Every structure is written in C-alpha cells, then in structure tokens.
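Have the model open while you read.

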Amino acid sequence: MRKHLLILSAVVLLSACGEDADQKIARARQEIAEMRLGAAKVDLSAALAEKGDDPALLRMLAAVQLRMGDGDGAEATAGRMERTGIKGSELALVRAEAAVLRGRPEDALALVAQDKSPAAWRVRAAAKLALKDQEGALAALRQGAAAGDDPLLLRDYAKFLIEANDLDGAAQQVAVLDRIAPDGFDGPMLRADIAARRGRMVEAHGVLVKLAERYPAVPEPWIARADVYDMEGKLDDAIKMTEKAAELAPADPRVVALQVQFASMKGDWEKVRSTLASQEATLDPLSANGLTYAEAMLRLNHPEQARAMFQRALTRSPNNPYARLMLAQSQMATGDAAAAYATVKPLSDSLLAGPQELELAEMAAKALESPDAPKLSARLAAAKAGTSQGLIRQGEMAMATQDWDGAVAAYGQLAATGDDAEVMKRLAMALSRLGRTDEAIKAADRARAIRPEDPDTTYMAGYVRAAGGKDVATGIALLKQASEAAPQNVTFRRSLARFSVAQGS
C-alpha cells in the first residue's frame, strides 16, 4: 500500500510539473470557490513564483491568507503588495486585518481610523473584540451593516448576535447575506446553526447535507452535523459525522475535540488520555478538553490529579455543575467524604438533582454518619421512581427545542414543589420568550433572591427586563454586574453589549 501511494504521489507531482502559471491560477480560483483554501494558497504561491509579484494574484493570496487566519502570511503579502504600488485604504485594510490576527488590535484600529467602508467596520469590530470591548464591536458591526452589504461583515454580525442569544437578529443578517451571496458558504452554515439552536434539527441537517455535497473537501458541515446529532442524543450518528470530518482534517482541533468528547461518552478513557496527554500542561481547565481529560484521570485511578484539575476549574467557574460533580467524585475517591459532601450539596439540594447527584451525596452523608443520609436516600428512591425526573427531562427537552409553553408547564410544576434558583431561572427564560415579561421578572427575581451572589441569576434578572423592554436601565445594570462577576462568559458580555447599544441608539 505504501509503495502504491508513493508511486501515485510521484505521478501527481510529475503531472503538476507540466502546468504553467495560468493553469495554477485557474485551479486556485476553483479551489477558492470550493473553500479549499490551503490548496489555493499553494497554487497561488507557485504561480507568483513563476510570474513575479502580480498585484491581482497578491490580492487573491492575501484574501486567502486572511480567511485562513494566517496573519503573518498576510502581512508578508501586504509588503509585496506595497512594492507593486498598491497603497491607500486597500493596503491598510489587509494590514489591519493581519494585525488583528497577529494580536495587535491597537495597530489595526489606527490603520482603519479614517476608513468608513463596511470592510473597515468589520476589521474595527474584530479589533474591538480582541480588546474585549463588546459594545464597541457591536456598534462597529451595526455601522458596517448600515454602510453597505459586505458578506464577511454580515457573517461576523450574525455570529455575534447568535452568541448574544439574539437568534431573531442573527437570522435577519443571514437573510441579507443569503440575498447578496446566494451561493456562499457562510450563510448556510449560520442558518443551520440557528435552526439547531431553535430545535429544528431536520432543517439543520438538510442544510448541512447540501453544504457537504457542494463543498466535499471541507470538514465544517460534518463537524456541524456531529454537533447537531450530539444535541439530539444520537451518539453513534455523531461519531459517524466526526469520522467523516476526520477523513478531511484529522488534525483540526475541532475534530480532535469531538473525538475526545465522544470517546468520553463511550467510556473510552484511555483514548481520551492518550489523545490529550501531550497537551496536559497547556489545557484550559474550563475547556471541554480540559474537563474531559480531568475526568479521564479520575476514571483511570488518578483521583488526586483529577481533584486538582477540577478544583482549578470550579474555582474559576463556581456554577459549573459538571466541574462541581466531578470534583465531589474526586474528593470521595481520595477518601475525603466531608469535602465531597460540601461540594455536591448545592447540586443535591436542587429540585433538579438527578440520581447521580443524589447517590453521591447519599454516599458522602453515610460515610460522615450525617443525619441527612435518610432524607437523601428517600429522595434518591423517588428520583429513580421517575416522577420528578420526567418533569426535568420534559423541561430540558422543551428548552432545547424552544418549546416555551412546554418549558413553562414543566418548570412551573417543579417550582410548585419547592424553592429552587435553577428552576426559577429556567422558568423566567421561558416566560420571557413568550412575552410574559412581568411573570418572567418575578421568577428571575425569585431566583436571584435564593442565590443573590450567583452571576447566572443576576444575568437572568437583567436579561428578562432588557429583553422585555421593562425597567431596561435596571436590566442593563444587572447584566453589567453579571458580566463583571463572570468575565469569561461570552453570552453575558454580548447580551450586555446588545441591549446597551440598542438603548443608546
């Protein structure tokens, strides 16, 4: 097999040697149309080596490099463009976008300071995001959209709004994008994302199937389908989609992350460990890979190492239920029942506690001979019997599919059984989406009264006010408070920007 591949490679190389620059350029154009940007970059570089620094080719190469995120390459190409006589705003835009990619957003802002074109507003927005100025980024995107139709700006605008939980606003931008670039790649990808977030999985798959057919060398549609199947709970189908993506881009970090995620769901902890071991020193404790690697350490009988990793994650994100549960399990595995019980108690106390949380709490309480143990045993038995668990599953499914009436019904019933911040928070969101703003505020405020120091409840109290257009100033103040308490939360920051900019416009 290896000999056959070597012979085939040699034949391909020999056939390529007979091509002239014009053939390479034609192929590069086709590769760009098919989103095969890496191949286009190679062909354009080869054509430039033959023809010299042709301005049109340099423009094409710079655009490909920027789309690929190659800031250093684009800056080098900009230098060549300048030597051919290209100057002014065209050159400044390339250099500005390259500067953002190279981690120099202030330089980018300076380069486009006088440019009011849609492309300049897009670069300005990217620079503002790099500087963590969400409001400035959104303002730039809005001004860019008003200045004219630019596909890349509309793409970035829609992505921003999706992360700000404004799916209606994002869909409006995608509609414009589809109109001006009907055969584009970004519009359908964004439409599929919005459809999946709205629970319209069949629609999302349909869009992505067509994209995969149109762009057979691109992994993104397969990655997106894997995510959609994962949302549907169809693990085997998600794994098949990931395998398709891996055939195209085996080293793509998104593909590797999916492989790790699905290996963990299958219980293949040795695969998780072997895949991520080389990255252990640089893994973000709160990233999906970081958390999964920590669980692999726990499952492979390294509880002290897992405990340290989950402790770091929970310190940074105290409201992360997975990190909390895994830390408690690690503490139990190291023989520290007291710490485990203290850690898991906020989860087991919740009306949303399932058998896993209750079983761990019961085990720790029994080890401590706590008087709470019998009560936990009774709750565990009730959870396994399934009455409350059915409502919990109903509510989660309703939220996932944006069935807001169903969510109100499920969480309303749960709320009637006792005071729980998480239940009230979810009920508030569902009520808000139905336009029942007064009820949403009441539920959100109740959640915040139960957990006043929780950024999540503060966010919800602000969101329902701002989204419902009632007491917006207080809503924005609460969103600001939540964003400051959890600066790593992108949704908090972008929601704050969304409503702040709208209020000021």
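At what angle do helix α5 (residues 71-83) and helix α6 (residues 88-101) pack, and how far apart are their axes? The angle is about 160°, and the axes lie 8 Å apart. Bear in mind that this is a predicted model, where local features need pLDDT of at least 70, side-chain atom pairs count only at pLDDT 80 or more, and totals for chains, interfaces and linings use all residues. Residues are numbered from 1 along each chain as its sequence is written, and side-chain values use heavy atoms, with hydrogens and water left out.

- Axes here are lines fitted to C-alpha atoms, for helices over the stretch in contact, and angles run from 0 to 180 degrees between N-to-C directions.
- Helices (H or I, at least four residues) are DSSP runs, numbered from the N terminus.
- α5 and α6 are therefore roughly antiparallel (angles over 145 degrees count as such).
- Their crossing is left-handed, meaning the near helix is turned anticlockwise from the far one by less than a right angle.
- On the α5 side the contact (heavy atoms within 4.5 Å) uses G71, A74, E75, A78, G79, M81 and E82, while α6 brings E90, L91, V94, R95, A98 and L101.
- Sorted by class, the residues of this α5 and α6 contact come out as seven nonpolar, two polar and four charged.
- For those classes, Ala, Val, Leu, Ile, Met, Phe, Trp, Tyr, Cys and Pro count as nonpolar, Asp, Glu, Lys and Arg as charged, and the others, Gly among them, as polar.

**The α15/α16 pair**

- Helix α15 (residues 235-248) and helix α16 (residues 253-265) have axes that come within 10 Å and cross at roughly 150°.
- That makes α15 roughly antiparallel to α16, and the crossing is left-handed.
- From α15, the residues L235, A238, I239, T242, A245 and A246 meet V255, L258, Q259, F262 and M265 of α16.
- This contact of α15 with α16 has nine nonpolar residues, two polar ones and no charged ones.

**Helix spans and burial**

- Helix α10 (residues 151-163) has 13 residues and reaches 19 Å from its first C-alpha to its last, close to the 18 Å expected (1.5 Å times one less than the number of residues).
- Buried residues (under 20% relative accessible area, 1.4 Å probe, protein chains only) in α10 are L153, L154, R155, Y157, A158, F160, L161 and I162.
- They pack against α4 (55-68), α8 (118-130), α9 (134-147), α11 (167-180), α12 (186-197) and α30 (490-504).
- Helix α22 (residues 355-368) has 14 residues that should span 20 Å, and its end C-alpha atoms are 20 Å apart, which agrees.
- In α22, E357, L358, L360, A361, E362, A364 and A365 are buried, and their cover includes α20 (321-333), α21 (337-348) and α23 (373-385).

**Positive phi values**

- Most residues other than glycine have a negative phi.
- M35, not a glycine, has a positive phi of about 65° and is found in the loop between α2 (21-33) and α3 (37-51).
- K132 also isn't a glycine, yet has a positive phi of about 65°; K132 is in the loop between α8 and α9.
- K132 counts as exposed at 67% relative accessibility (the cut-off is over 50%).
- E369 follows α22 and has a positive phi near 55°.

Definitions and conventions:
Helix = DSSP H or I, 4+ residues; strand = E, 2+ residues; numbered from the N terminus. Parallel < 35°, antiparallel > 145°, perpendicular 65-115°, else oblique.
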